[in-house]
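Here are my notes on the structure you asked about. Keep the viewer open while you read, and click through the residues as they come up.

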Amino acid sequence: MRPLLRVLWVFLPLLLFSCATDKPQPIKVGEDVCEQCKMVIADKRFASEVITKKGKVYKFDAIECMVGYYNENEEEIKRAYVVNFLNPEEFLPAESAYYVRSPQIRSPMGMNLSAYRSREDAQKALQGKEGEILDWQALREFIKREYRFSH
């Protein structure tokens, strides 16, 4: 075998592996299943995803399912995304989103979490409702304390 071909055979798998996606995949409502609770995703506004360092995409029907999974598997995760509640076609990096927890915005798993692009959007969503605004770190801590899902 020629030396150049040998080099290509060695580096081609590395090249392919390094091209693994870090972009979220579209949510297919009524088809995609939550990795954590195994429920079918029925409302895109509360959906989220993680992408592992190996490029595997896991989808979730509620933010608390994703964050619970994230907290348990952080070392394997490359990216985490949440759907913008105000624009369900838009994914936001989980680390930069703001979260509203309010009983007036009911989510599939009952922790009533929704995600927003900015603190201002979160404040507008919370206006006139009881609840609180959380950033990523506060949300992760809240889920560590309150989330009781075991798989």
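1. Let's start with a helix and what surrounds it. The buried residues of H2 pack against S1, strand S2 (57-60), S3, strand S5 (98-101), strand S6 (113-116) and helix H4 (136-146). One thing to keep in mind as you look: this is a predicted model.

2. How many of the residues of helix H2 (residues 63-73) are buried? The count is 9 of 11, so the helix is mostly covered, taking buried to mean under 20% relative accessible area. If you want to pick them out, they are Ile-63, Glu-64, Cys-65, Met-66, Val-67, Gly-68, Tyr-69, Tyr-70 and Asn-73.

3. Next, have a look at the largest nonpolar core, which has 28 residues. Val-50, Met-66, Val-82, Tyr-99 and Leu-139 are the ones with the most contacts inside it. At least two residues of this core come from each of S2, H2, S3, S6 and H4. Which element gives the largest share? That's H2, with 6 residues.

4. Leaving out residues up to four places away in sequence, Tyr-99 touches a whole list of others, among them Ile-63, Val-82, Ala-115, Trp-136 and Leu-139.

5. Now for the strands. Strand S3 (residues 77-84) has 6 of its 8 residues buried, so the rest of the structure largely encloses it. S3 pairs with strand S1 (residues 48-52) through 5 bridges, and the two run antiparallel. To find your place in that pairing, look for Ile-51, which stands opposite Arg-79 in S3.

6. S3 has another antiparallel partner: 4 bridges join S3 to strand S4 (residues 87-93). S3 and S4 make a hairpin, with 2 residues between them. Asn-84 has Asn-87 in S4 as its bridge partner.

7. Stay with Asn-84 for a moment. Is Asn-84 buried or exposed? It is buried, with a relative accessible area of 4%. The side chain of Asn-84 makes a polar contact of 2.8 Å with the side chain of Glu-90. A polar atom of the Asn-84 side chain also lies 3.0 Å from the backbone nitrogen of Leu-86. Setting aside neighbours within four places in sequence, Asn-84 is in contact with Glu-90, Leu-92, Ala-115, Tyr-116 and Arg-117.

8. On to the rings: the structure holds 7 aromatic pairs. In one of them, Phe-46 and Phe-85 have ring centres 5.4 Å apart and planes at 55 degrees, so the pair counts as tilted. Phe-46 sits in the loop between helix H1 (3-18) and S1, while Phe-85 is in the loop between S3 and S4, so the pair ties together parts that are 39 residues apart in sequence. Both are buried: Phe-46 has 1% relative accessibility, and Phe-85 has a relative accessible area of 15%.

9. Another pair is Tyr-81 with Phe-91, whose ring centres are 6.4 Å apart and whose planes are at 80 degrees, so this one is edge-to-face. Tyr-81 lies in strand S3 and Phe-91 in strand S4, so the pair links parts that are 10 residues apart in sequence. Tyr-81 and Phe-91 are both buried. Going back to Phe-46 and Phe-85, they form one aromatic cluster with Tyr-116.

10. Pro-108 and Ala-47 are 61 residues apart in sequence, and their C-alpha atoms are 9.4 Å apart in space.

11. Last, a couple of backbone angles to check. Phi of Lys-38 is near 70 degrees, a positive value in a residue other than glycine. Lys-38 lies in the loop between H1 and S1 and is exposed, at 54% relative accessibility. Asn-112 is another non-glycine residue with a positive phi, near 55 degrees. Asn-112 lies in the loop between S5 and S6 and is buried, with a relative accessible area of 10%.

Note on methods:
Residues are numbered from 1 along each chain as its sequence is written. Side-chain values use heavy atoms; hydrogens and water are left out. Buried means under 20% relative accessible area, exposed over 50%, partly exposed in between (1.4 Å probe, protein chains only). Two strands pair if DSSP finds at least two bridges between them. Contact means heavy atoms within 4.5 Å. A nonpolar core is a set of buried Ala, Val, Leu, Ile, Met, Phe, Trp, Tyr and Cys residues joined through side-chain atoms within 4.5 Å. A polar contact is a pair of N or O atoms within 3.5 Å; within protein, one must be able to donate a hydrogen and the other to accept it, and residues adjacent in sequence count only if both atoms are side-chain atoms. Rings of Phe, Tyr and Trp (its six-membered ring) pair if their centres lie within 6.5 Å; planes under 30 degrees apart count as stacked, over 60 as edge-to-face and the rest as tilted.
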